[in-house]
Amino acid sequence: MRKSRAKKRILLPDPKFSDTLVTRFVNTMMMSGKKNLAFKIFYDAIEIVEKNKTDEDSSLDVWKKALSNVMPQVEVRSRRIGGATFQIPMQIRSERKVSMAMSWMIKFARKRNEKSMAEKLAQEILAAYKEEGASIKKKTEVHRMAEANKAFSHFRF
């Protein structure tokens, strides 16, 4: 690469929980620069999780556990060798694990059938916490692809 790698921007913690992971999630969920609306949706979703949860964990802990349940460990990357393209399973960096999990949760929350985005997100968080739902299905699908292409792992770059 000709240019140097871009510096990591430091995220400020969110106002309610003082957690940078929440800010990162909200930034991923935000559309058209409407950060206040994204924060409102997230906090409303956390309140709905607080009402609907069954155990004694705090709602933020439920969200963090759901996020860690969705995080993939391996993924397949395409690599062209000779004339053929192989899907090679590779370990994922921790930053990418988190960003993939966040984007999957938000993507599948948007596809749900509840009325408001806060309700959709809350239901997706609860489903991921119980290790069910569309985002967990996506994770298992990625893991299954990596397992199926394990024979090509010696092509790693």
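Student: In which helix is Asn 36 found?

Tutor: This is a predicted model, in which local features need pLDDT of at least 70 and side-chain atom pairs count only at pLDDT 80 or more, while totals for chains, interfaces and linings use all residues. Residues are numbered from 1 along each chain as its sequence is written, and side-chain values use heavy atoms, with hydrogens and water left out. Helices (H or I, at least four residues) and strands (E, at least two) are DSSP runs numbered from the N terminus. On that numbering, Asn 36 belongs to helix H2.

Student: Does Asn 36 count as buried or exposed?

Tutor: The classes rest on relative accessible area, taken with a 1.4 Å probe and protein chains only: under 20% is buried, over 50% is exposed, and values in between are partly exposed. Because its relative accessibility is 68%, Asn 36 counts as exposed.

Student: What pattern does the chain follow along the sequence?

Tutor: The secondary structure comes to six helices and two strands, and of the 157 residues 38% count as buried. Read along the sequence, the elements follow the pattern α-α-α-β-β-α-α-α.

Student: At what angle do H1 and H2 pack?

Tutor: Two packed helices are described by the angle between their axes and the distance between the axes. Axes here are lines fitted to C-alpha atoms, for helices over the stretch in contact, and angles run from 0 to 180 degrees between N-to-C directions. For H1 (residues 20-29) and H2 (residues 35-52), the axes lie 9 Å apart and the angle is about 115 degrees.

Student: How many nonpolar residues has the contact of H1 with H2?

Tutor: With contact meaning heavy atoms within 4.5 Å, Val 22, Thr 23, Phe 25, Val 26, Asn 27 and Met 29 in H1 meet Lys 35, Ala 38, Phe 39, Ile 41 and Phe 42 in H2. Ala, Val, Leu, Ile, Met, Phe, Trp, Tyr, Cys and Pro count as nonpolar, Asp, Glu, Lys and Arg as charged, and the others, Gly among them, as polar. By these classes the contact of H1 with H2 has two polar residues, one charged residue and, as nonpolar residues, eight.

Student: Which residue in S2 is the bridge partner of Ser 78?

Tutor: Two strands pair if DSSP finds at least two bridges between them, and S1 (residues 74-81) and S2 (residues 84-91) pair in the antiparallel sense over eight bridges. The two strands form a hairpin with two residues between them, and Gly 82 in the turn has a positive phi of about 65 degrees. Within this pairing, the partner of Ser 78 is Gln 87.

Student: What is the phi of Ser 32?

Tutor: Most residues other than glycine have a negative phi, and most peptide bonds are trans. Glu 131, in the loop between H5 (117-129) and H6 (134-148), has a positive phi of about 60 degrees although it is not a glycine. Ser 32 lies in the loop between H1 and H2 and is exposed, with a relative accessible area of 73%. Its phi, a positive value in a residue other than glycine, is near 55 degrees.
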